[in-house]
Amino acid sequence: MPSETSVIGWLLTSDPAIRWQVLRDLLDAPEPVWSAERQKVEREGWGAKLLSFQDADGQWAGGSFLPRDFTREEWQATGQPWTATNFSLTQLREFGLDPRSESARRTVALIGANCRWDEGGQPFWEGEVEECINGRTVGDGAYFGVDVSAIVERLLGERQSDGGWNCERANGSLRSSFHTTINVLEGLLEYERATGGTEQSREARRSGEDYLLARHLMWRLSTGEPVDEKFMQFLHPNRWRFDVLRGLDYFRASSLLTGAAPDVRLKEAIRYLRSRRLQDGRWPLDWRVSGRTWFVMDDGEGEPSRWVTLRALRVLKWWDSRQTEHAAA
């Protein structure tokens with residue numbers, strides 16, 4: 001297998017959105033170094049490209065969750081679209097657009113003034129009714145400096161009895177969903193990072209984590225069989241979908257924020273992640289979702305993916321370093 005140095009070199013030939021995270025998460029570069037690279041997200045590459053598609057009123061594609069011109073017929077023919085404001089904001093957060101940048105501040109203000117949810121006409125930063133959407137809105141709002149505490153309070157009251165969340169709760173679902181739970185957990189983690197959270201939000205985050213951990217990120221609690229074969233296949237962008245790598249990357253971020261040791265129930269998922277590494281040291285993009293997008297950021301299904309490889313390497317770096325610390329203690 002080629003050296004990790006060569007894989008990291010390959011990652012560094014990519015977009016600023018990836019390069020700054022490689023510098024911070026894999027190379028432990030000093031903050032001035034990775035921060036300078038991060039500033040390029042606003043001006044170069046994918047970040048600048050996505051910002052260039054923004055409407056004059058601050059939205060993307062003229063809508064909050066769906067493009068203004070989108071039809072149900074298109075959904076049936078080509079799949080869910082990913083170009084409207086909700087998913088574009090989440091993508092900018094993943095790119096690492098600096099919340100203090102002019103573009104970010106302008107976007108937050110314009111969306112607050114002009115964007116309303118398709119579902120009920122609510123102001124964007126007040127959230128809507130679906131937990132999966134509200135989880136991402138909490139994450140985006142907290143990251144970009146918006147007070148989203150009212151949406152957090154709503155989410156806290158919508159937990160299922162098993163500890164997680166399900167956007168089908170309003171339709172009678174009594175069980176949590178991996179998909180909805182990871183969206184809410186990521187939002188609550190970003191809220192905690194930005195504000196410290198509340199006793200209630202921290203407890204809710206722990207209960208959502210326990211829901212996933214009890215199932216080792218992969219298995220049905222009732223039978224021990226895989227919950228969904230798609231969870232074992234890596235994609236990017238994930239949009240609202242869960243997979244094992246997304247779960248592991250969340251737990252890494254949670255551990256780094258709180259200082260908690262990695263949970264032993266992640267071992268099987270870590271073992272699976274290692275097993276998926278290609279002979280050349282990279283990880284493949286197994287699939288990507290259909291539907292309208294602004295642009296593509298990978299070389300196609302089955303090909304090595306910089307996004308998947310970045311996330312996999314930083315998960316393993318975190319896990320291995322914490323195991324070493326534990327053994328030395």
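Me: Which helices each supply at least two residues of the lining of the largest pocket?
Reply: This is a predicted model, to start with. In it, α2 (16–26), α3 (31–38), α6 (85–95), α8 (131–143), α10 (178–195), α12 (244–258) and α14 (306–328) each put at least two residues into that lining.

Me: How much space lies in that pocket?
Reply: About 1200 Å³.

Me: And how many residues line the pocket, and which lie nearest its centre?
Reply: The lining has 40 residues, and Arg24, Glu190, Arg193, Ala253 and Arg314 are the ones nearest the centre.

Me: How does the lining divide into nonpolar, polar and charged?
Reply: It splits into 18 charged, 14 nonpolar and 8 polar residues.

Me: OK, cavities now. How many are there of 30 Å³ or more?
Reply: The count comes to 1. The largest cavity has a volume of about 110 Å³.

Me: Which residues line the largest cavity?
Reply: Leu50, Trp82, Phe87, Ser88, Gln91, Arg239, Thr293, Trp294, Phe295 and Met297. By type, that lining is 6 nonpolar, 3 polar and 1 charged.

Me: Which helix gives the most to the lining of the cavity?
Reply: α6 does, with 3 residues. α6 also supplies at least two residues to the lining of the largest pocket.

Me: What follows α6?
Reply: Gly96, which has a positive phi, near 90°.

Me: Switching to the largest nonpolar core: which residues touch the most other members?
Reply: Phe95, Leu212, Leu217, Leu248 and Leu273, out of 90 residues in that core. The helix that gives the most to this core is α14, with 9 residues.

Me: Where is the place of Leu217?
Reply: Leu217 is in the loop between α11 (199–214) and α12.

Me: Buried or exposed, that Leu217?
Reply: Leu217 counts as buried because its relative accessible area is 0%, and the cut-off for buried is under 20%.

Me: What does Leu217 touch, not counting residues up to four places away in sequence?
Reply: Its contacts are Phe178, Leu212, Phe242, Val244, Gly247, Leu248, Phe251, Leu266 and Ala269. Take Phe178: Leu217 and Phe178 are 39 residues apart in sequence, and their C-alpha atoms are 8.4 Å apart in space.

Me: What about Gly127, where is its place?
Reply: Gly127 is in the loop between α7 (102–114) and α8. Gly127 is buried too, with a relative accessible area of 4%.

Me: And what does Gly127 touch, leaving out residues up to four places away in sequence?
Reply: Trp117, Gln122, Asn134 and Ile151.

Me: Last topic, helix packing. At what angle do α1 and α2 pack?
Reply: About 145°, and the axes of α1 (residues 4–12) and α2 are 8 Å apart.

Me: Which residues make the contact?
Reply: From α1, Ile8, Leu11 and Leu12; from α2, Ile18, Arg19, Val22, Leu23 and Leu26. That contact has 7 nonpolar residues, no polar ones and 1 charged.

How values were computed. Residues are numbered from 1 along each chain as its sequence is written. This is a predicted model: local features need pLDDT of at least 70, side-chain atom pairs count only at pLDDT 80 or more; totals for chains, interfaces and linings use all residues. Side-chain values use heavy atoms; hydrogens and water are left out. On a 1 Å grid over the protein atoms alone, a cavity is a set of points where a 1.4 Å probe fits but cannot get out, and a pocket is an open set with protein on both sides within 12 Å along at least five of seven lines; lining residues have an atom within 4 Å of a point. Grid points are joined across faces, edges and corners, and a volume is the space filled by probe spheres set on the points. Helices (H or I, at least four residues) and strands (E, at least two) are DSSP runs, numbered from the N terminus. Ala, Val, Leu, Ile, Met, Phe, Trp, Tyr, Cys and Pro count as nonpolar, Asp, Glu, Lys and Arg as charged, and the others, Gly among them, as polar. A nonpolar core is a set of buried Ala, Val, Leu, Ile, Met, Phe, Trp, Tyr and Cys residues joined through side-chain atoms within 4.5 Å. Buried means under 20% relative accessible area, exposed over 50%, partly exposed in between (1.4 Å probe, protein chains only). Contact means heavy atoms within 4.5 Å. Axes are lines fitted to C-alpha atoms, for helices over the stretch in contact, and angles run from 0 to 180 degrees between N-to-C directions.
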